[in-house]
Amino acid sequence: MRSVVGVTQNLARTAGELRAAGHLPRGVKTEIRENLLAALREGRNPWPGIVGFDRTVLPQLERALLAGHDVVLLGERGQGKTRLLRTLISLLDEWTPVIEGSELGEHPLDPITPESRRRAAELGDDLPVVWRHRDERYAEKLATPDTSVGDLVGDVDPVKVAEGRSLGDPETIHYGMLPRAHRGIIAINELPDLAERIQVSLLNVMEERDIQVRGYTLRLPLDVLLVATANPEDYTNRGRIITPLKDRFGAEVRTHYPLEVDAEVDMVRQEAELVAEVGDHLLEIIARFVRHLRESSSIDQRSGVSARFAIAAAETVAASALRRSALIGESPAIARPVDLESVPDVLRGKLEFEAGEEGREEEVLVHLLRRSIADTARARLAGLNLRALAEVVSDGHPVATGDRVHAGDLLAALPELPILHEVAARLGAGPKDPVGRIASAVELALESLYLTRHLSKDNSSDDDRSVYG
């Protein structure tokens, strides 16, 4: 258990002290409702780290929680369903009292198991109390085909039977994850993957709040919030949520991928562990690339394009910049558009293509990546006249880029031009910034001119260089 030294030392240590302090038990759904309402009234964000759901998913989830409903989050892979469920922890009280040594973390003033009730009757106000942190009141289970009723609900404990207790003694039961989540939250990921006969074991827990173990029927008034995730395709491909169980969930909330480019960029910036600097214009290209993939008829949209793809793409671009930094001694390591070329090759395996696209996978990815670069350049450099830059490069100042081209060399190939400063400023690079940051901005302008056919680009060089001319 998390250390409570210095945090709970002034709190009640016995049931009598707890009662004298005026403490009253309250259900976990009531606790979540009251804490959520307090956050909303005070203007605090109850969903830290959740991006892109402010006007869609979160209002629906908040209504479900305020209604006291168990919830299913339904959406494709990589939409942040599990991340969203884990933020529910912040809606619990930071510390809550439990009976010391109780298997199910029962409230000292409201024991529910035979053993705890016996102890409460014997000890009265001297029943010992400990304080549990909210992190310990959240349990998560990935639904796998080998999950058993014993894992979720419980089973007879042969050790307790061997100690001499009779099989009819309810204290011979070893409780599963659901009873142990009493007074807390239990999340079941990929619920349709749970075998239908196992799903049946959840019916009584959700409605009547009792459990049945090998003929025992224990009337345990379990106090849990049950939340689950599911992929729409799972209903037909790998399994389904049985109808009686779906009926017992009070709310089904649909999730989605970020609806706006800015939201996707914010999500990538928040989640990616970047080993080099990656400018916002490059993250925007990645975000647009992912959006194009989600709209492409060449990609199997039933499996979706996970947000993890965008995160991995950003990390790959950063890694490419770090590798160049090590190869040629460029410091600090700053990503440039040339680093985007590594994304299709490295991440192609994360996508599912339609059957008719066999052999064209790389062509599809390169085409969509170039579209994303062109879209970003058009949006970021709108209003700038790049003709002067195109004319200089065409009239005898070819510019090389590649894995082994230093940012300083890229800039040195061009004469002093006012448009270069305008491009850099538009993309957030100032004259006193590292040359890599300025080179990244200039290279995007050059790539834009190439994609709009104002410049040529020779990729046939033996030293892996590309030359704009």
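**From the sheets to the core**

A: Start with an open sheet of 5 strands, ordered β4-β7-β10-β1-β11 and paired in parallel; strands pair if DSSP finds at least two bridges between them. The model is a predicted one, with pLDDT of at least 70 needed for local features and 80 or more for side-chain atom pairs, while totals for chains, interfaces and linings use all residues. Residues count from 1 along each chain as its sequence is written, and side-chain values use heavy atoms, leaving out hydrogens and water. Helices (H or I, at least four residues) and strands (E, at least two) are DSSP runs numbered from the N terminus.

At the edges of that sheet sit β4 (138–142) and β11 (251–254), each pairing on one side only. Going from one strand to the next, the twist averages 20°. Look at the β4 end: β4 is joined to strand β7 (residues 184–189) by 5 bridges in the parallel sense, and E140 stands opposite A187 in β7. Helix α2 (residues 28–42) packs on this sheet, touching β7 and β10 (224–230), and its direction makes about 75° with that of β10. Contact means heavy atoms within 4.5 Å; axes are lines fitted to C-alpha atoms (for helices, over the stretch in contact), with angles from 0 to 180 degrees between N-to-C directions.

There's another open sheet, this one of 3 strands in the order β12-β14-β13, with antiparallel pairing. Here β12 (399–402) and β13 (457–458) are the edge strands with a single partner each, so one side of each has no neighbour in the sheet. β13 and strand β14 (residues 465–468) run antiparallel and are joined by 2 bridges, and D458 has V467 in β14 as its bridge partner. Packed on this sheet is α19, which touches β12, β13 and β14 and points at about 70° to the direction of β14.

So who else does that helix meet? Helix α19 (residues 435–451) packs against helix α12 (residues 280–295) at an angle of about 45°, with their axes 10 Å apart. H281, L282 and I285 of α12 make that contact with S440, A441 and L444 of α19. With helix α16 (residues 387–394), the axes of α16 and α19 come within 11 Å and cross at roughly 80°. In that case L389, A390 and V393 of α16 meet A445, L446 and L449 of α19.

One glycine is worth a stop: G436 lies in helix α19. G436 counts as buried because its relative accessibility is 7%; buried is under 20%, exposed over 50% and partly exposed in between, using a 1.4 Å probe and protein chains only. The C-alpha atoms of G436 and A335 are separated by 7.6 Å, although the two residues are 101 apart along the chain. Setting aside neighbours within four places in sequence, G436 contacts I334, R336 and A407.

Finally, the core. In the largest nonpolar core, L293, L389 and V423 touch the most other members out of 69 residues. Helix α13 (residues 307–328) supplies the largest share of this core, 10 residues. A nonpolar core joins buried Ala, Val, Leu, Ile, Met, Phe, Trp, Tyr and Cys residues through side-chain atoms within 4.5 Å. Not counting residues up to four places away in sequence, L293 touches I299, Q301, V305, F309, L351, L365 and L368. A second, separate core has 31 residues, including L74, Y175, L203 and V205.
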